[in-house]
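Please keep the sequence and the structure open beside them while you read.

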Amino acid sequence: MNCIRIVTALFMAIFALSPLHSPAAGMGETPETRVIMPREPDPAGKPPEIEPQSEKIAEMEAQVISRINAIRQEKGLGKFEPLPALSRIARNYSRRMSEENFVGHTDPQGQGLDDRLLGAGMSFRTVAENLAQSTNMPDPVEAAVEGWMQSEGHRRNILNEELTQTGVGIWKDGETYLFTQIFRKPQ
């Protein structure tokens with residue numbers, strides 16, 4: 001059976017002057033938006049040292065970024081800057097979802113995207129995340145990107161002018177691929 005599961009998009013923003021301001025206000029339904037108080041990154045933290053499972057997976061990760069950047073350019077937006085540290089964080093999260101048998105923006109310990117970035121020593125002004133899971137799809141990259149573009153929240157993350165950097169991590173388990181794409185605007 002072929003299937004693709006697109007997980008509700010996550011968008012978070014930190015506003016130093018107004019930490020209670022929701023950037024999604026007035027944008028219609030916002031799937032899983034969390035407003036968080038400004039926190040400092042762990043000064044001892046660093047992104048996990050996790051490499052792609054194979055050359056094919058590395059190529060797939062690059063294809064996601066290329067396709068997302070092509071979509072942004074079609075809409076008159078700038079390209080995302082690929083950031084290897086974000087890819088390592090994303091890849092590690094995809095691996096964890098596979099190994100711990102969950103798919104979601106919050107892990108079983110209650111840690112979210114903000115916790116993952118800050119724990120890796122990365123600060124941010126705004127951060128967002130798209131997740132996808134595909135099984136037995138002939139082109140998992142196309143399925144993930146197309147699924148994201150068909151979802152209002154995911155599309156909003158992809159087309160957000162404020163976000164400038166991205167990282168993609170894919171983990172394969174049998175015929176199932178787990179995708180994590182992180183978007184970031186640095187402080």
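Predicted model: local features only at pLDDT ≥ 70, side-chain atom pairs only at ≥ 80, totals over all residues.

1. On the side of α1, the residues Met60, Gln63, Val64, Arg67, Ile68 and Ile71 take part, and they meet Pro140, Val141, Glu142, Val145, Trp148 and Met149 of α4. Sorted by class, the contact of α1 with α4 is made up of nine nonpolar residues, one polar residue and two charged residues.

2. The geometry of this pair deserves a separate look. Two packed helices are described by the angle between their axes together with the distance between the axes. For α1 and helix α4, which spans residues 140-149, the angle is about 35 degrees and the axes lie 10 Å apart. The crossing in which α1 passes α4 is right-handed.

3. With that contact in mind, turn to the chain as a whole. The protein chain contains five helices and six strands, and along the sequence these elements follow the pattern β-β-α-β-α-α-β-α-α-β-β. Of its 187 residues, 50% count as buried. Among the contacts with a separation of 6 or more, 72% are between residues 24 or more positions apart. The chain exposes about 8,700 Å², and carbon and sulfur atoms supply 49% of that area.

4. Which strands does β5 pair with? Strand β3 (residues 81-82) is joined to β5 by two bridges, and these two strands run parallel; here Pro82 stands opposite Thr166 in β5. Strand β6 (residues 176-185) is joined to β5 by nine bridges, and this pair runs antiparallel. Within the second pairing, Val168 stands opposite Gln181 in β6, while Lys172 has Tyr177 of β6 as its bridge partner.

5. One of the residue pairs is formed by Glu129 and its bridge partner Ile182 in β6.

6. Are β5 and β6 enclosed or open? In strand β5 (residues 165-173), seven of the nine residues are buried, so this strand is largely enclosed by the rest of the structure. In β6, nine of the 10 residues are buried, so this strand too is largely enclosed by the rest of the structure.

7. Arg91 is found in helix α2 (residues 84-100) and has a relative accessible area of 5%, so it is buried, the cut-off being under 20%. Leaving aside residues up to four places away in sequence, Arg91 touches Ile50, Glu51, Pro52, Glu61, Val168, Gly169, Ile170 and Trp171.

8. Glu40, by contrast, is placed in the loop between β2 (33-35) and α1 (55-74). Its relative accessible area is 68%, so Glu40 is exposed, the cut-off being over 50%. Glu40 and Ser123 are 83 residues apart in sequence, and yet 6.8 Å apart in space when taken from C-alpha to C-alpha.

Key
Residues numbered from 1 in each chain as written. Heavy atoms only, no water. Helix = DSSP H or I, 4+ residues; strand = E, 2+ residues; numbered from the N terminus. Buried < 20%, exposed > 50% of the residue type's maximum accessible area, 1.4 Å probe, protein only. Contact = heavy atoms within 4.5 Å. Areas by Shrake-Rupley, 256 points an atom, 1.4 Å probe, with all protein chains shown as cover. Pairing = 2+ DSSP bridges. Axes fitted to C-alpha atoms, helices over the stretch in contact; angles between N-to-C directions. Left-handed = near helix turned anticlockwise from the far one by under 90°. Nonpolar A, V, L, I, M, F, W, Y, C, P; charged D, E, K, R; others polar.
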